[in-house]
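Me: I would like to learn how to read helix packing and confidence in a structural model. Could we work through an example together?

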Amino acid sequence: MHYYIILEKGLVIKNTGSWYQVKTDDNRLVECKIKGNFRLKGIRSTNPIAVGDRVHILTNAEGTAFITEIEDRKNYIIRRSSNLSKQSHIIAANLDQCMLVVTVNYPETSTTFIDRFLASAEAYRVPVKLIFNKTDCYSEEEQHYLDALINLYTHIGYPCFKISALHEVGTDEVKRELEGKITLFSGHSGVGKSTLINTLLPGQHAKTGEISTAHNKGMHTTTFSEMFPVEGNGYIIDTPGIKGFGTFDMEDEEVGHYFKEIFEFSANCKYGNCTHRHEPGCAVREAVENHYISESRYASYLNILDDKEEGKYRSGY
């Protein structure tokens, strides 16, 4: 009896939990399982393989395909998988950028959530752009708050876009940013991420869901991560809406490194290992008092430190 084995390389474009869809280098789609007890060294993860991974696959005589190896990652985005969990969940790998879709209301995205996401992206060296959606829904007061947030995050160094995905206002500008890049889209359920992706990728039909009026929160519509090709040789990665964003494996003294403006001012602190909470001669607290660092960003920084001490994160953020 003759057994034959085919070895190939490819890109993981979909993860359904038990199966992975791999696009091979000759553009075939292959459903794969993981070979044996496949685990990555050094990462305690609920999913050892993520969308965006470059992998080696092996197909046996029966036609069953297995992922046998992951190529080195350029970067990845990771979050704690649940409250009190010691495991992480890798959202996606090998990203050129993230687009975090946020809403001032319907539902509200808190600055704490935005800042947690930004800090985690900084930790794993993934550039982030902020997409402020549902501009067609906001009151005058909400519009003012939106403009203040855009002013804040643009000043720190995060590009911001003001759009209405539903009415396709500002979406062309977002589309131009996708060319030639692998872009992760993330955000709370209900912020219009699927509507935006449908606008950017006509014909892909990402599922859209209703807002739960009882809590003004989105209903989950995407249940697994998936990659879609875009014009100009790029990809969008759509991910399930996330309620909370638990930062993972950050030491106390590192957290300030992932807030750009806090890191900048910390160079002038009296003590090298300053936590920017109560130490004398802290340049960061002085910068907050003098409005060089926003109070909301400083509060987010303290919030991460507090949660680390309690060993958990609050999913409401």
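Me: How many of the eight residues of helix α4 (residues 193-200) are buried?

Reply: This is a predicted model. In it, six of the eight residues of α4 are buried, leaving the helix mostly covered. They are Lys-193, Ser-194, Leu-196, Ile-197, Thr-199 and Leu-200.

Me: Which elements do the buried residues of α4 pack against?

Reply: Their partners are the strands β8 (97-102), β9 (128-132), β11 (182-186) and β15 (234-238), together with helix α3 (171-176).

Me: At what angle do helix α1 and helix α2 pack?

Reply: In general, a packed pair of helices is described by the angle between the two axes and by the distance separating those axes. Here, α1 (residues 111-123) and α2 (residues 140-156) pack at about 25°, and their axes lie 13 Å apart. Because angles under 35 degrees count as roughly parallel, α1 is roughly parallel to α2. The crossing of α1 past α2 is right-handed.

Me: Which residues make the contact between α1 and α2?

Reply: α1 contributes Thr-111, Ile-114, Asp-115 and Leu-118, while α2 contributes Tyr-145, Leu-149 and Tyr-153. By class, the residues of this contact comprise five nonpolar, one polar and one charged.

Me: What pLDDT does the protein chain average, and where does pLDDT stay under 50?

Reply: The chain averages a pLDDT of 85, with 81% of the residues scoring at least 70. Over residues 208-222 pLDDT stays under 50, and the model has 33 contacts beyond four places in sequence for this stretch. Residues 313-317 also have pLDDT below 50, with 23 contacts in the model beyond near neighbours in sequence.

Terms used. Residues are numbered from 1 along each chain as its sequence is written. This is a predicted model: local features need pLDDT of at least 70, side-chain atom pairs count only at pLDDT 80 or more; totals for chains, interfaces and linings use all residues. Side-chain values use heavy atoms; hydrogens and water are left out. Buried means under 20% relative accessible area, exposed over 50%, partly exposed in between (1.4 Å probe, protein chains only). Helices (H or I, at least four residues) and strands (E, at least two) are DSSP runs, numbered from the N terminus. Contact means heavy atoms within 4.5 Å. Axes are lines fitted to C-alpha atoms, for helices over the stretch in contact, and angles run from 0 to 180 degrees between N-to-C directions. Angles under 35 degrees count as roughly parallel, over 145 as roughly antiparallel, 65 to 115 as roughly perpendicular and the rest as oblique. A crossing is left-handed if the near helix is turned anticlockwise from the far one by less than a right angle, and right-handed if clockwise. Ala, Val, Leu, Ile, Met, Phe, Trp, Tyr, Cys and Pro count as nonpolar, Asp, Glu, Lys and Arg as charged, and the others, Gly among them, as polar. pLDDT is the predictor's confidence in each residue, from 0 to 100.
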